[in-house]
Amino acid sequence: MSNATTTGRAPSVYVPSAEALSTVLAPGARPPRPNALAASLTFGWRALLKIKHVPEQLFDVTAFPIIMVLMFTYLFGGALADSPRDYLQFFLPGIMVTSVVMITMYTGVGLNTDIEKGVFDRFRTLSVWRPAPLVGMIFGDVLRYVLAAVVILCVGLVLGFRPDGGLPGVLAGIGLLVVFSFAFSWVWTFFGLVLRSEKSVMGVSMMVLFPLTFLSNVFVEPATMPGWLQAFVKVNPITQLVASVRAVMSGASDASATMWTLLWSAVFVAVFGTLTMYRYNRR
């Protein structure tokens, strides 16, 4: 029998000192808490890694835009213009806007999927800026928007599209499109939080996106439409975005359309960004 049993005394317990514990558990200085930008960029990198491991996610920003350009150019080009190539000069900036704006809905779909899987519950326990997972996710989607715009532009150049604004005009057009799409993504982020399933998010997105994109100046000039429809088209934010992108790519400028595009972008971020943060913090 042990000495502790024979003597009736409890075995001695070693209690490490505070200095010993600090040496073992924290040998170096505690790393500083990441700031809001660093945390958001980290979550943005996570979104890019998801694309790396599931490259099929890029189908909507590669194959879908190519199909849209080819289909509408050769389906409507001869009927709406002298030739498909002439129609392409008018049509390509509009279909670029349509394709990129359409894929913004996947921000809400992806968020809803992460919530259903419990991923965002774990993110909320991290000692980082609370909105970082949401902002970072949208940062990652910005790459998808740029990639879709570049794919459409390359296809258009092959088919005969020639922007009179040159490289500066093209870059300015893509910049306006990305700014608007980033702001518009907050709409679907909010729906991704409040709706119960990804199918619901996609269904609501389609109900909103189809009227906005088709009842606009993407395919034809609004002057050819009935008066009552022109009233809606003129206040449609997609109409303003297409007009501003089309103008800078043609080497001109449309100050009114550009102002409205930036104003709509600010409204989307202010309204739906605020609603998203309110809902996210109380979920």
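Trainee: How do you know that the span of helix H6 (residues 105–117) agrees with its number of residues?

Mentor: The expected span is 1.5 Å times one less than the number of residues, so the 13 residues of H6 should span 18 Å, and the end C-alpha atoms are 19 Å apart, which agrees. Helices here are DSSP runs (H or I, at least four residues), numbered from the N terminus. This is a predicted model, in which local features need pLDDT of at least 70 and side-chain atom pairs count only at pLDDT 80 or more, while totals for chains, interfaces and linings use all residues. Residues are numbered from 1 along each chain as its sequence is written, and side-chain values use heavy atoms, with hydrogens and water left out.

Trainee: Why is Asn217 called buried?

Mentor: Buried means under 20% relative accessible area (exposed is over 50%, partly exposed in between, with a 1.4 Å probe and protein chains only), and Asn217 has 5%, so Asn217 is buried. Asn217 is found in the loop between H10 and helix H11 (227–235).

Trainee: What makes the pairing of the Asn217 side chain with the backbone oxygen of Thr239 a polar contact?

Mentor: A polar contact is a pair of N or O atoms within 3.5 Å, where one must be able to donate a hydrogen and the other to accept it; the side chain of Asn217 reaches that oxygen at 3.3 Å.

Trainee: Which way do H4 and H8 cross, left-handed or right-handed?

Mentor: The crossing is right-handed, a term used if the near helix is turned clockwise from the far one by less than a right angle, and the axes, lines fitted to C-alpha atoms over the stretch in contact, cross at roughly 35°.

Conventions
Helices (H or I, at least four residues) and strands (E, at least two) are DSSP runs, numbered from the N terminus. Axes are lines fitted to C-alpha atoms, for helices over the stretch in contact, and angles run from 0 to 180 degrees between N-to-C directions.
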